[in-house]
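Dear colleague,

Please find below the structure that I am handing over to you. My findings follow it.

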Amino acid sequence: MSLIITDECINCDVCEPECPNNAISQGEEIYEIDPNLCTQCVGHYDEPQCQQVCPVDCIPLDPANPETPEQLHQKYLVITGKA
């Protein structure tokens, strides 16, 4: 699954630069994650970096975008041009 940023986000700006896929951007009110770019850092890191740095723990799995680890890895390969 990709991740999602909830409305508990305090716009602290620490998650955006941590995303290796540039999936996080400032939305109208809070930061948002593009599910087409989010791989939960599969291929880059062992754990999602945005979750690691978020001070309010507002980045859970997005139930609207279920993906297997294999699908996340395939998405990583496509995004990085390694497919």
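**Findings**

In the protein chain, 33% of the 83 residues count as buried, that is, with under 20% relative accessible area, where exposed means over 50% and partly exposed lies in between (1.4 Å probe, protein chains only). The model is predicted, with local features needing pLDDT of at least 70 and side-chain atom pairs pLDDT 80 or more, while totals for chains, interfaces and linings use all residues. Residues are numbered from 1 along each chain as its sequence is written, and side-chain values use heavy atoms, without hydrogens and water.

The protein chain has two helices and two strands, in the order β-β-α-α from the N terminus; these are DSSP runs, helices being H or I of at least four residues and strands E of at least two, numbered from the N terminus.

The largest nonpolar core contains 15 residues, and I5, C15, I24, I33 and I59 have the most contacts inside it. Such a core is a set of buried Ala, Val, Leu, Ile, Met, Phe, Trp, Tyr and Cys residues joined through side-chain atoms within 4.5 Å. Beyond its neighbours within four places in sequence, I24 is in contact (heavy atoms within 4.5 Å) with residues including I5, C15, I33 and C50.

Helix 2 spans residues 69-79 and includes K75. K75 is buried, because its relative accessible area is 12%. Residues up to four places away aside, K75 touches P35, N36, L37, C38, T39 and E67. Q74 also lies in helix 2, but is partly exposed at 41% relative accessible area.

Yours sincerely
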